[in-house]
Amino acid sequence: MKKIYFLVAALFMATTLSAHGIEPKDEAAADAEQREKNVLYKSRNNKFTLKAGGHADLRVAYDFKGVVNHLDFATSEIPVSDGERQKLRMDATTSYFWLNGELDGGKLGPVKMVVDLDFRAGSELSYTPRIRCAYINFKGLTLGRNVSTFCDLAAAPMTIDFEQPNSYTFHFATMIRYNHSLLNDKLDLCIAAELPSLNMTPSPYFESISQRVPDFPFYAQYNFGSRFKSHVRLIGVLRDLYIRNTRTGNNTSMFGWGVGTSGHIRFCKPFELFFNGQMGQGITAYMLDLCGQNMDFVPDPENPTSLEARKMWGWQIGAHFNITDNFYLSTGYSEVGADNNMEKDLSVEDYIIGNNYRKGRYMFGSAFWQFTERCQLALEYLHGSRENMDGKKNEANRIQARIRFKF
């Protein structure tokens with residue numbers, strides 16, 4: 001119950017303080033403004049500009065009353081069996097560097113080039129550099145590696161936790177994407193072809209093979225409010241995934257799909273609401289808690305020589321309470337689930353993947369203080385739980401602090 005009291009108290013305090021109507025600090029706008037200042041090189045004729053920057057992070061975290069077996073607070077990595085109950089962590093892997101170029105492309109118009117990286121490749125805490133994004137953009141086209149089109153970057157509340165709410169659709173992909181705005185920028189339409197990845201439950205009868213058809217995510221977004229800072233988005237994705245039947249030696253394809261909605265709404269100056277929800281089959285790559293759980297397709301419990309597309313869903317709601325220009329609170333709740341296919345009246349003992357993930361819950365409360373223009377301090381509490389297909393469950397807690405310095 002203590003965690004509930006913590007969040008209720010945070011919400012009450014934020015609501016009370018925000019009644020003063022203080023103009024909130026738009027962190028995304030502040031970041032964009034900072035990037036404009038970081039000019040590394042500009043040609044004499046102003047046809048090419050190169051900018052660089054980033055931030056250095058240090059995070060200290062302590063797990064208690066349950067430990068998450070992951071650097072981030074991934075509820076899918078909470079062990080259901082008894083294990084460690086406390087653990088101290090320190091890391092700087094989310095330190096980040098970006099390089100942006102803009103070229104006068106003539107008939108193509110402005111051509112933007114973006115490369116950024118952090119230090120989260122390789123084994124945990126190896127600090128191996130990882131390319132997050134590397135793409136060019138012109139005339140509404142994005143070519144290269146970027147955040148998936150199925151992800152609404154503006155629909156997630158701020159957290160220290162890199163994992164973010166467990167239902168969030170954050171995912172990097174190599175893509176060809178086209179975006180077009182209509183109605184004086186009130187309506188955005190977008191479609192993409194993205195390199196797919198398949199995560200299926202291991203089986204002696206089926207194996208994953210190289211994919212032949214890209215994923216096709218798309219969305220329609222309506223922008224409204226002051227300076228179009230609020231929006232609602234409808235999203236979808238279509239997948240055609242190839243699998244080899246080792247018993248017959250034939251290749252076959254299975255259909256995956258996902259639909260959802262997301263948004264970010266500024267109801268008033270001090271209060272912002274964030275939300276997303278999605279459902280589908282065979283879309284584990286598009287939900288943080290399900291990614292890597294091998295649940296796109298699973299063997300039929302009654303007939304292991306055939307596969308089923310696993311139904312899955314997730315939703316989250318969060319809020320920012322902007323107390324002053326330099327201090328705000330963030331809180332939210334998120335949940336992810338996968339269908340257990342138990343309508344076939346099989347006993348737990350007969351269910352061949354009873355220890356697989358069924359449901360995860362994620363709750364957080366955070367405070368952010370922009371100490372100086374370049375330095376931010378943050379504190380966060382997280383609570384999460386995992387439930388397996390066979391009904392076994394466990395939970396974990398984490399408190400963490402971070403200092404970030406932008407350059």
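Author: What follows describes the aromatic pairs, the charges over rings and the nonpolar surface patch.

The model is predicted. Its chain holds two helices and 21 strands, and 50% of its 407 residues count as buried. Of the contacts between residues at least 6 apart in sequence, 63% join residues at least 24 apart.

A pair of aromatic rings is described by two values, the distance of the centres and the angle of the planes. The chain has 14 aromatic pairs. One of them is formed by Trp315 and Tyr333, with 5.4 Å from centre to centre and 50° between the planes, and this pair is tilted. Trp315 belongs to strand S17 (residues 311-324) and Tyr333 to strand S18 (residues 327-338), so the pair links distant parts of the chain, 18 residues apart.

Trp369 and Phe371 make another pair. Their ring centres are 4.9 Å apart and their planes stand at 80°, which is why the pair counts as edge-to-face; the cut-off for that class is an angle over 60 degrees. Trp369 is partly exposed, with a relative accessible area of 38%, and Phe371 is also partly exposed, at 47%.

Val60 lies in strand S2, and S2 gives the most to the patch, with three residues. At least two patch residues come from each of strand S2 (48-64), strand S3 (86-91), strand S20 (375-388) and strand S21 (393-406). For the chain as a whole, the accessible surface comes to about 19,400 Å², and 60% of it belongs to carbon and sulfur atoms.

Elsewhere, ring pairs link Phe162, Tyr168, Phe170 and Phe172 into a cluster. Phe162 also has a charged neighbour, as Arg120 lies over the face of its ring at 4.5 Å from the ring centre. Tyr219 has a charge over its ring too: the charged end of Arg233 sits 3.7 Å from the centre.

Technical notes: Residues are numbered from 1 along each chain as its sequence is written. This is a predicted model: local features need pLDDT of at least 70, side-chain atom pairs count only at pLDDT 80 or more; totals for chains, interfaces and linings use all residues. Side-chain values use heavy atoms; hydrogens and water are left out. Helices (H or I, at least four residues) and strands (E, at least two) are DSSP runs, numbered from the N terminus. Buried means under 20% relative accessible area, exposed over 50%, partly exposed in between (1.4 Å probe, protein chains only). Contact means heavy atoms within 4.5 Å. Accessible areas come from the Shrake-Rupley method with a 1.4 Å probe; for residues, only the protein chains shown count as cover. Rings of Phe, Tyr and Trp (its six-membered ring) pair if their centres lie within 6.5 Å; planes under 30 degrees apart count as stacked, over 60 as edge-to-face and the rest as tilted. A charge sits over a ring if NZ of Lys or CZ of Arg is within 6 Å of the ring centre and within 35 degrees of the ring normal.
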